[in-house]
Amino acid sequence: MTKLFLISSTAGATEYYFSKKQIEDIYKKYGREDEIIVKETRYRGHLEEIVRSFLASSYKDKLIICLGGDGTINEVVNICLGHDVAVGLIPTGTGNDFAKNFDYENFKIADTFDISIRPIDLIKVNGKYCVNVTSLGFDTEVLKTAYDYLDKDKSLGKRAYIKAVGDRVKNLTYQDLYINLTLANDTTIDLSDEFLISAICNGGYYGSGFNPAPDAKIDDGIINFVTARKFPKWQLLPLILKYKQGKHQSSKYLDEYLIKSGQIKSAKDFLSNIDGEIFSTNSLDFEIKVNAINWAYFEK
């Protein structure tokens, strides 16, 4: 197996940090340096160049290990689909929410010596593939505000999300949405209301540790779709705390549906994000793609 360690220069490096030299030294120490290629992204578009070059190479049993966050892994996965390659992750981003689906306790580079490969699901959203969570509403507005804070001061790290929540609580907005869902049992339902949040979940965490879908699994063939309808403003802060901790499932203001596909429409454009990449639209079409890509699990 040939492993490409891909180090994202844009990642926040809050959870872990490993340099090119550190990775190469560890593999050399154990006489395994021939197994790896280590590349660092240096400019816009460089990540895609590196990945496509590796995919086009003659190496057999290719594996790409991304050192980055949710945005990095999303970009790599979208390039790799349709190719004979596995993907893995060392979380060095700011939020590292997708990484919460795996065990990184006491992680070290030597843990990448031995791996197992198993497929995971993805969600196809408006023609693009989502690895972790697609969402719209309050949480995306928080994300945009957090990005604005980080642009001004990257040292804020996860604190940017907390500050952003405080800002958006003062300026709540709801979206009038029409939602059509195909449930896991193949029946369909329609929803029409004012919604604060709608989260389309493959993984269980997003937004720097919020836990909208505590029961979500990345290999169960199911999307966990979570919505929050309009509710009294005084309920917001208690509900945010429960949402953060994954203890909101009993709330009468939130609903969760186990689905295979769905569509969200609005008369007005709304902010949405796929794995943290923000965009504006008035329609989302989404469906689960079962066993869509091979994932590398590090053996400890």
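Which residue lies over the face of Tyr 149? It is Lys 163, at 4.7 Å from the ring centre. Keep that in mind. We will come back to charges over rings.

Good morning, everyone. One caution before we go on. This is a predicted model.

Let's start with the cores. The largest nonpolar core has 47 residues. Ile 23 and Ile 64 have the most contacts inside that core. There is also a second, separate core, with 30 residues. Val 133, Leu 156, Ile 197 and Phe 210 are among its members.

Take Ile 23. Leaving out residues up to four places away in sequence, Ile 23 touches Phe 5, Ile 7, Phe 18, Ile 36, Val 38, Leu 67 and Ile 109.

Now Ile 64. Where does Ile 64 lie? In strand E3, which covers residues 62-68. Is Ile 64 buried or exposed? Its relative accessibility is 0%, so Ile 64 counts as buried. Its contacts, again without residues up to four places away in sequence, include Leu 4, Leu 6, Val 51 and Phe 54. Ile 64 also touches Val 76, Cys 80, Val 85, Ala 86, Val 87 and Gly 88. Here is one distance for orientation. Ile 64 and Tyr 17 are 47 residues apart along the chain, and their C-alpha atoms are separated by 17 Å.

Helix H2 runs over residues 46-55. Which residues of H2 are buried? They are His 46, Leu 47, Ile 50, Val 51, Phe 54 and Leu 55. Look down the axis of H2. The buried residues fall within an arc of 165°, so they line one face of the helix. And what covers them? The cover includes strands E1 (2-7) and E2 (36-40), strand E3, helix H3 (70-80) and strand E4.

Next, the aromatic rings. How many aromatic pairs does the structure hold? The count is 17. I'll show two.

First on my list are Tyr 27 and Phe 113. Their ring centres are 4.8 Å apart and their planes stand at 80°, so this pair is edge-to-face. The pair links distant parts of the chain, 86 residues apart. Tyr 27 sits in helix H1, residues 20-29. Phe 113 sits in the loop between strand E4 (85-91) and strand E5 (115-125). Tyr 27 is buried, at a relative accessible area of 0%. Phe 113 is buried too, with 11%.

My other example is Phe 231 with Tyr 253. Here the centres are 5.4 Å apart and the planes are at 45°, so the pair is tilted. This pair also links distant parts of the chain, 22 residues apart. Phe 231 is in the loop between strand E10 (223-229) and helix H6 (236-245). Tyr 253 is in the loop between H6 and strand E11 (254-274). Phe 231 counts as buried, at 6% relative accessibility. Tyr 253 counts as buried as well, at 14%.

Rings also gather in a group. Phe 18, Phe 98, Phe 102, Tyr 104, Phe 107, Trp 295, Tyr 297 and Phe 298 form one aromatic cluster.

Now, back to charges over rings, as promised. Tyr 297 in that cluster has a charge over it: the charged end of Arg 118 sits 3.7 Å from the centre of the ring.

On to the backbone. Two residues stand out. Asp 186 is not a glycine, yet its phi is positive, at about 75°. Asp 186 lies in the loop between strand E8 (175-183) and strand E9 (188-201). Asp 186 is exposed, with a relative accessible area of 52%. Asn 291 also has a positive phi, near 50°. Asn 291 lies in strand E12, residues 277-298. Asn 291 is partly exposed, with a relative accessible area of 46%.

Asn 211 is found in the loop between E9 and E10. At 6% relative accessibility, Asn 211 counts as buried. What does its side chain meet? A polar atom of the Asn 211 side chain lies 2.8 Å from the backbone oxygen of Gly 204. Setting aside neighbours within four places in sequence, Asn 211 is in contact with Gly 204, Tyr 205, Tyr 243, Lys 244, Gln 245, Gly 246 and His 248.

That's my tour. Thank you.

Terms used:
Residues numbered from 1 in each chain as written. Predicted model: local features only at pLDDT ≥ 70, side-chain atom pairs only at ≥ 80, totals over all residues. Heavy atoms only, no water. Core = buried A, V, L, I, M, F, W, Y, C linked by side-chain atoms within 4.5 Å. Buried < 20%, exposed > 50% of the residue type's maximum accessible area, 1.4 Å probe, protein only. Contact = heavy atoms within 4.5 Å. Phe/Tyr/Trp six-rings, centres within 6.5 Å; stacked < 30°, edge-to-face > 60°. Helix = DSSP H or I, 4+ residues; strand = E, 2+ residues; numbered from the N terminus. Lys NZ or Arg CZ within 6 Å of the ring centre and 35° of its normal. Polar contact = N/O pair within 3.5 Å; in protein donor to acceptor, adjacent residues only side chain to side chain. Arc of directions from axis to C-beta.
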